[in-house]
Amino acid sequence: MIKRLSLISASVALGCIATILPVLTSIYVADEDAERREQDDLQQLAAKAVIRTELVTYQAFAAIADMEAVPGGPCSPGYIAQLARVIFNYRYVQDAGAYGGGQYLCSPLMGDVRAQHLTMPPPSWRSNDGYLVWFRQKNPLSDVRQDIQIGRNGNYVSIDPQSYVDLIDLARRPIAAINVETNTILALSSGADGNDMLNAWKLAGHVNSEQWYYAVARSATRPLGVVVKSPRSSLLGNWTGVLVMWLSVGVIVGGLLGWLAFRQISRQLSFPATLEWAISRRRIDVYFQPIVSLTNGECVGVEALVRWNLNGRYISPEIFVAVAEQNRLIQPLTDLVLDKTIDELSKLLRSRPSFYVSINVSSEDLRTHRFLNVLTARLGGTGIRPAQIRIEATERSFMDADATRETIAAFRNAGHPIYIDDFGTGYSSLSYLQTFTVDVLKIDKSFIDTIAQDAASSVVAPHIIEMAHELGVEIVAEGVERDVQVEYLVQRGVQYGQGWLFAKAMRVNELILWLSESRSTLQPTN
Ligand code: C2E
Ligand code: MG
Ligand code: MG
């Protein structure tokens, strides 16, 4: 039972694992894949953003070069007009002007401001190639706006920092443009935090974050860098939710698979399978029921009767023999009974050469010579005479007449007498039986039961006895339970009897004891 339970739980557990494992694996693989794609995509955004920072920077340089090429002094009307063109020509340039002596001098948007003495602070950074850069310089035209100003030789341009980072990105991922020599943020898109982005830049994007991926890119020509980030939208973001969902699916499908496995196992543990197991493990016993001479009470032989005790439960041979017949197990069962019978009785049979044991066979054992061969081989060297092993076959096993007749003849030729068991319960007519040569008829208990009773069926018993006499065979009366039956049978010339009046089927050691006791009395026992 415990074995059964553990098999069932094991199959349910296996079912669950079989369901959950592939699902979790595919989630994991899908998640890894999604993560890789997301990172690739983010890297592409970083590359695009770097190109933009370069573009803006080179536009500024180009604008300055154009301004430097304007003939005449700064702030002349021609100069201002030329600068207006520069602003118009370069998309990212918001204003362009002249500076000198730490002051703004003029620009197309401000006009000539030399008289106003607008201070221009020292540059935030100076590039190797002579450009001055003011990071986030307050624009004189506005109280709120801070521009990036790039200048050289008295000409400068103002650039809106947003120009560096306002890429078209539907996902609106935060972007930061950085001067990588000074580690200064040049521009931040909305939603980007300066410290966060700068930190990511310093870590080359390898930020340990559960919420964000980072990617960085660096310009090959200018000291410009870019940091971008994107939220982890991964499937496994909600790992516990996914786990719970798939665990539920796993348990349902696993339960289903487990149930199927259980049905399969139940079938394996079914009655035929258990019987097969018992036969192969020789867990089936053989008991022996005496057959006695009705005239003098002497025990002339025994019938081998199979016994199966399954976990303390007695199972009737009427049931499991039929199951064995239906499940191709009858041949191994017959072989086992023979083997155990010879094992247990050989000493007794050798010491009493006229004593015999009759073995019940099924129709399948009579269809071929297989069992006869097994029997002959088993008897070899035992000192047991063939006549001591008798074959009991029911009338029903004679149905396949041609095959059976031949096998029965072979048994008889080999010296094994043939008994017809349960005689009278089958359908055989006398004429039909006459076509077989048999040695003994065993009259079925149902007829013996009616002896000395007023039942209508009691008329059948004398007819059957008559029939046996006419066939010229000996008779064993089965199921003799009362003395009056013995009396009746002896009067009708029935030679042998078997029944609880004499003894029930018993183990070999009980039989030997019983034999020694009954021999001394030579009387039927109660
Ligand atoms: P069977 O061959 O006709 O065996 C006689 C049956 O009657 C046995 O039942 C026996 O215990 C029972 N019996 C004997 N005397 C009395 C009695 O006075 N009163 C009552 N009420 N019963 C009595 P069992 O052992 O239960 O066997 C039943 C049947 O199972 C057998 O009938 C036989 O057909 C079959 N069987 C038993 N052992 C084997 C075997 O080894 N191989 C095959 N193929 N069939 C077997
Ligand atoms: Mg029998
Ligand atoms: Mg019988």
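User: Which residues do ring pairs link into a cluster?

Analyst: Tyr99, Tyr104, Trp134 and Tyr156 are joined that way by ring pairs. Rings of Phe, Tyr and Trp (its six-membered ring) pair if their centres lie within 6.5 Å; planes under 30 degrees apart count as stacked, over 60 as edge-to-face and the rest as tilted. A quick word on the ground rules: this is a predicted model, where local features need pLDDT of at least 70 and side-chain atom pairs count only at pLDDT 80 or more, while totals for chains, interfaces and linings use all residues. Residues are numbered from 1 along each chain as its sequence is written, chains are lettered from A and ligands numbered from 1 in the order in which they are written, and side-chain values use heavy atoms, with hydrogens and water left out.

User: How many aromatic pairs does the structure hold?

Analyst: There are 9 aromatic pairs. Take Tyr104 and Tyr156: their ring centres are 5.5 Å apart and their planes at 70°, so this pair is edge-to-face. It links distant parts of the chain, with Tyr104 in strand S2 and Tyr156 in strand S7 (residues 155–159), 52 residues apart. Helices (H or I, at least four residues) and strands (E, at least two) are DSSP runs, numbered from the N terminus.

User: Are Tyr104 and Tyr156 buried or exposed?

Analyst: Buried means under 20% relative accessible area, exposed over 50%, partly exposed in between (1.4 Å probe, protein chains only). Tyr104 and Tyr156 are both buried. Now try Trp308 and Phe320: with ring centres 5.5 Å apart and planes at 80°, they make an edge-to-face pair. This pair also links distant parts of the chain, Trp308 sitting in strand S13 and Phe320 in helix H7 (residues 317–326), 12 residues apart. Both Trp308 and Phe320 are buried.

User: Next, cysteines. Which residues form a disulfide?

Analyst: A disulfide is a pair of cysteine sulfur atoms within 2.5 Å. That rule gives a count of 1 disulfide here: Cys75 and Cys106, whose sulfur atoms are 2.0 Å apart. Cys75 lies in the loop between helix H1 (2–68) and helix H2 (77–89), and Cys106 in strand S2 (residues 103–107), so the pair ties together parts that are 31 residues apart in sequence. Cys75 and Cys106 are buried.

User: Why is the disulfide of Cys75 and Cys106 called left-handed?

Analyst: Look at the torsion about the S-S bond: for Cys75 and Cys106 it is about -95°, so the disulfide is left-handed.

User: Which residue bridges the magnesium ion (ligand 2) and the magnesium ion (ligand 3)?

Analyst: Asp421 does, and the two ions lie 4.1 Å apart.

User: Last one: where does H8 bend?

Analyst: The bend at a residue is the angle between axes fitted to the seven residues ending there and the seven starting there. H8 bends by about 60° at Leu345.

Notes. Donors are N, O and S atoms within 2.8 Å of the metal (3.2 Å for Na, K and Ca); water is not among the atoms, so sites may look incomplete.
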